[in-house]
Amino acid sequence: MALMTLKGIRLAYGMASLLDGIDMSLEPGERVCVAGRNGEGKSTLLKILAGEIAPDSGEITRRDGLVTAYLTQELPEDVHGSIFDVVAEGLGSNGLLLEKFHHLSLEAAQGDLKALEAMGQVQAELDAVDGWSLQNRVETTLSRLELPADQPFAELSGGLRRRVWLARELVRAPDLLLLDEPTNHLDIAAIAWLEGMLAGTAMTVVFITHDRSFMERLATRILELDRGRLYEHPPSLEAFRQRQAERLETEVRQRAEFDKKLAQEETWVRQGIKARRTRNEGRVRALENLRRQRAERRERQGQVRLALSPEQRSGKRVIEAENASFGYPGKTVVHELDLLLQRGDRLGIVGPNGVGKTTLLRGLIGQLPPISGTVTLGTQLEIAYFDQTRAQLDERASVQDAVGEGRDRVTVNGNTRHILSYLEDFLFPPARSRQPVSALSGGERNRLLLAKLFLRPANLLILDEPTNDLDVETLELLETLLIEYTGTVMVVSHDRAFLDNVVTSTLVLDGKGGAEEFVGGWSDLPARVTAPLLETRIQAPERSTVPPAPSSEPRPTARAAPATRKLSYKEARELEQLPARIERLEAQREDLASRLSDPETFRGSLERIQELQRELDTLEKELATAYARWEALEAPA
């Protein structure tokens with residue numbers, strides 16, 4: 001039986017129909033990716049599935065007792081307390097009781113007698129609502145997601161905050177999990193962990209993502225939302241593109257035939273007086289119907305037209321770091337780096353969240369002096385900086401003022417254009433261009449920042465997480481632009497496909513101050529490097545945000561072909577046996593989790609409960625190691 005069925009769902013904002021007669025059903029255990037361009041209504045569809053907004057018309061049928069969890073694209077700003085507090089609050093009022101008991105127990109452990117007395121009353125309230133089972137659910141969820149219960153939420157990086165918020169939703173034990181851009185701000189380790197967790201769950205998952213690797217590894221089917229309609233595709237990006245192209249080609253042909261017929265009927269109805277006296281009224285009514293259909297037609301949004309202004313060539317040496325260390329007083333994030341970046345190089349920088357990738361970028365372009373060693377910038381550099389916080393955009397300004405800075409005309413590739421015409425290249429129609437930046441979605445803000453940056457000539461592009469929120473089509477256009485760009489590029493990204501398609505070399509930060517450069521993208525990294533990067537870890541956030549930077553140019557170099565590594569006999573046997581081992585460990589984990597969720601367990605001794613929890617923790621670590629090893633053995637060297 002379907003978990004949820006939607007029939008004839010319609011929703012319009014103003015004159016625009018966002019959803020135009022949507023039909024869909026969700027079956028138990030499937031993982032559905034909702035694809036489509038920015039602004040097509042993907043997030044709105046998820047909000048309807050979550051019950052947060054109601055459609056204008058249509059029918060929604062939910063299975064009795066359906067529990068739905070929803071991880072939104074933007075997390076609330078004013079969240080306080082520890083990780084345990086935030087996750088427990090997902091259980092509502094019972095979670096608040098658990099939160100109170102948790103804090104009282106910590107205070108009682110420090111010898112606070114008043115806290116010990118207060119625990120009795122809270123314990124009685126928890127007994128009345130089967131609170132111990134709920135507490136175990138919270139602790140098990142924290143263990144599975146490898147989250148330290150008592151660490152303050154405010155100290156976490158953006159990626160870890162999203163993991164905590166996911167735990168907050170999972171603790172409700174949902175049947176249906178809705179994820180809106182879940183990989184945003186996650187590092188590669190967290191993305192790999194999320195892939196493994198979702199692949200092994202029995203929940204039905206509906207997700208929106210720009211991460212093509214994440215989409216292909218998880219989706220059991222793809223639903224494309226285009227101009228208010230849903231189209232189903234197989235769970236393959238290649239098949240999706242092929243079917244989409246075939247559908248659009250058929251649509252163009254049918255519309256051409258329709259327009260030809262309409263033109264013929266318009267010619268007929270405008271014939272002379274004699275023809276009008278004897279004309280067929282039924283044919284006139286048919287013409288009126290054709291006119292109505294033509295007026296209601298929704299044209300497909302055009303593609304973003306990306307182009308960089310021609311830049312002055314920089315010197316051959318762009319940046320040279322010699323024995324350079326970067327960081328802040330009392331904290332060094334990169335030790336003794338030697339790096340030579342030459343004109344035309346495209347360098348990718350990867351590493352866990354919080355290890356100092358943004359700090360390194362600032363140090364390499366001279367915004368932050370090195371703690372030791374030297375950084376030498378080349379000649380005639382003009383730098384354009386895309387910062388992940390979008391700090392260069394004034395939220396209060398209109399879209400056209402944010403880019404044009406009060407000017408009606410801008411110079412693009414040596415030609416003067418009206419600012420509204422230029423913004424249409426980035427899919428901002430005049431009405432949208434007059435709205436404030438604060439009204440834009442995340443993907444639209446990224447497009448707006450690209451429009452702002454691409455106005456100025458630059459021979460050194462610094463891109464800090466440029467792929468967040470961009471739809472797949474815009475992302476691929478950006479990739480093409482960077483490949484053809486004759487300047488130099490430094491990019492921080494956790495998007496593995498983007499790195500593979502764009503960069504000529506990759507600088508890996510290990511989180512311990514070390515940095516090592518390799519030829520090629522993510523798929524070209526050796527297993528000894530990718531395995532540690534795929535291990536989840538808790539990191540404090542970086543201590544700085546990146547302000548706007550000056551501007552500069554480069555030229556692409558040929559990318560080395562990925563080398564393939566032949567597994568030894570022992571490694572091949574290990575790879576063959578890993579799936580069965582992982583399946584066995586997962587079964588043991590589920591059994592332990594079930595026992596820890598059983599109220600009967602809590603009637604036994606405290607030592608036995610603690611022993612079961614330790615066994616579960618050990619199993620979680622073994623599973624994480626097995627998944628990382630599997631990834632390492634399957635990855636090319």
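This is a predicted model: local features need pLDDT of at least 70, side-chain atom pairs count only at pLDDT 80 or more; totals for chains, interfaces and linings use all residues.
Is Arg-162 buried or exposed? Its relative accessibility is 3%, and buried means under 20%, so Arg-162 counts as buried. A polar atom of its side chain lies 3.3 Å from the backbone oxygen of Asp-180. The backbone oxygen of Glu-181 is also reached by a polar atom of the Arg-162 side chain, at 3.0 Å. Setting aside neighbours within four places in sequence, the residues in contact with Arg-162 include Leu-71, Thr-72, Gln-73 and Leu-75, as well as Pro-182, Asn-184 and Leu-186.

I turn next to helix H5, residues 131–144. Its 14 residues reach 20 Å from first C-alpha to last, close to the 20 Å expected. Eleven of the 14 residues are buried, and H5 is thus mostly covered; among them are Trp-132, Leu-134, Val-138 and Leu-142. After H5 comes Glu-146, with a positive phi near 55°.

Finally, the sheet. Six strands, in the order E14-E17-E18-E12-E19-E20, form an open sheet with mixed pairing. Strands E14 (383–386) and E20 (515–519) stand at the edges with a single partner strand each, so one side of each has no neighbour in the sheet. From one strand to the next, the twist averages 15°. E14 pairs with strand E17, residues 460–464, in the parallel sense over four bridges. Tyr-385 has Ile-462 of E17 as its bridge partner.

Note on methods. Residues are numbered from 1 along each chain as its sequence is written. Side-chain values use heavy atoms; hydrogens and water are left out. Helices (H or I, at least four residues) and strands (E, at least two) are DSSP runs, numbered from the N terminus. The expected span of a helix is 1.5 Å times one less than its number of residues. Buried means under 20% relative accessible area, exposed over 50%, partly exposed in between (1.4 Å probe, protein chains only). A polar contact is a pair of N or O atoms within 3.5 Å; within protein, one must be able to donate a hydrogen and the other to accept it, and residues adjacent in sequence count only if both atoms are side-chain atoms. Contact means heavy atoms within 4.5 Å. Two strands pair if DSSP finds at least two bridges between them. Axes are lines fitted to C-alpha atoms, for helices over the stretch in contact, and angles run from 0 to 180 degrees between N-to-C directions.
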